[in-house]
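Subject: A structure for you to look through

Hi there,

Here is the structure I promised to pass on to you. Have a look at it first, and then read my notes below with the viewer open.

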Amino acid sequence: MMAKDHRAGSKVRGDKLPAILMASHLLEGDTVFLGDSGWTMDPTAAKIAHDAETAAVMEAEGKAAAAANTVIDPYLVPVDLTDHGLPVARHFRDAMRQKGPSIHPDMGKQAEFTPLD
């Protein structure tokens with residue numbers, strides 16, 4: 001028996017917007033974000049849903065990618081936007097996933113991207 005996805009069918013509206021779509025890459029295990037041109041590890045390139053209709057389209061893309069075994073556990077993440085328009089997750093768990101490993105953030109894959117701070 002498969003575990004029920006507790007995020008399936010989530011409705012994002014009101015204080016849950018804006019939002020980005022976050023998932024885990026199935027083969028690499030990296031945190032990825034839905035961008036304008038597919039999945040990216042760069043959190044600054046994440047597509048941002050400012051309305052419920054866009055959020056629903058993004059969520060459908062995530063479900064399709066999960067069905068195609070590209071990603072696992074895609075879900076919408078409410079974000080705040082920095083002064084530069086970059087999305088920063090509101091919940092600390094998602095913010096930590098977004099920043100990458102917390103040990104030596106100056107090294108590894110996360111060091112390649114613009115800091116969200």
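Let's begin with the salt bridges: searching the whole structure, which is a predicted model, turns up two of them. One is between D80 and R90, whose closest N and O atoms are 3.1 Å apart. How covered are the two partners? D80 counts as partly exposed at 43% relative accessibility, and R90 is partly exposed too, with a relative accessible area of 37%.

The other salt bridge joins D94 to R93, with 3.3 Å between the closest N and O atoms. Is D94 buried or exposed? D94 is buried, because its relative accessible area is 8% and the cut-off for buried is under 20%. R93, in contrast, is partly exposed at 38%.

Now for the overall layout. The protein chain has two helices and five strands, and their order along the sequence is β-β-β-α-β-β-α. Of its 117 residues, 37% count as buried. If you take the contacts between residues at least 6 apart in sequence, 56% of them join residues at least 24 apart. The accessible surface of the chain is about 7300 Å², and carbon and sulfur atoms account for 57% of that.

Next, you can trace how the strands pair. Start at β4, which pairs with two partners that I will take in turn:

- Strand β1 (residues 19–25) pairs with β4 in the antiparallel sense, over six bridges. Here M22 stands opposite Y75 of β4.
- β5 also pairs with β4 in the antiparallel sense, over three bridges. In this pairing L81 stands opposite P87 of β5. The hairpin of β4 and β5 has five residues between the strands, and G85 takes a positive phi near 85 degrees there.

β2 then pairs with strand β3 (residues 38–40), antiparallel and over three bridges, where F33 has T40 of β3 as its bridge partner.

How many of its residues are buried? Five of its five residues are buried, so the strand is mostly covered. In a regular strand the side chains alternate between the two faces of the sheet. In β2, T31, F33 and G35 point one way, V32 and L34 point the other way, and all are buried.

That brings us to the inside of the protein. The largest nonpolar core has 10 residues: I20, M22, F33, A46, I48, Y75, V77, V79, A89 and A95. The elements that give two or more residues to this core are β1 and β4, and β4 gives the most, with three residues. There is also a second, separate core of eight residues, including L17, L21, L34 and M58.

What is F33 in contact with, leaving aside its neighbours within four places in sequence? The list is I20, L21, M22, G38, W39, T40, M41, D42, P43, A46 and Q98. You have already met two of these: I20 and M22 belong to the largest nonpolar core along with F33.

L26, L27 and I72 make a nonpolar surface patch of about 300 Å². I72 sits in strand β4, and it is partly exposed, with a relative accessible area of 42%.

Happy exploring, and do write back with any questions!

Best wishes

Methods
Residues are numbered from 1 along each chain as its sequence is written. This is a predicted model: local features need pLDDT of at least 70, side-chain atom pairs count only at pLDDT 80 or more; totals for chains, interfaces and linings use all residues. Side-chain values use heavy atoms; hydrogens and water are left out. A salt bridge is a side-chain nitrogen of Lys or Arg within 4 Å of a carboxyl oxygen of Asp or Glu. Buried means under 20% relative accessible area, exposed over 50%, partly exposed in between (1.4 Å probe, protein chains only). Two strands pair if DSSP finds at least two bridges between them. Helices (H or I, at least four residues) and strands (E, at least two) are DSSP runs, numbered from the N terminus. A nonpolar core is a set of buried Ala, Val, Leu, Ile, Met, Phe, Trp, Tyr and Cys residues joined through side-chain atoms within 4.5 Å. Contact means heavy atoms within 4.5 Å. Patches are made of residues with over 30% relative accessible area and no salt bridge: like charges are joined within 9 Å, nonpolar side chains (Val, Leu, Ile, Met, Phe, Trp, Tyr) within 5 Å. Accessible areas come from the Shrake-Rupley method with a 1.4 Å probe; for residues, only the protein chains shown count as cover.
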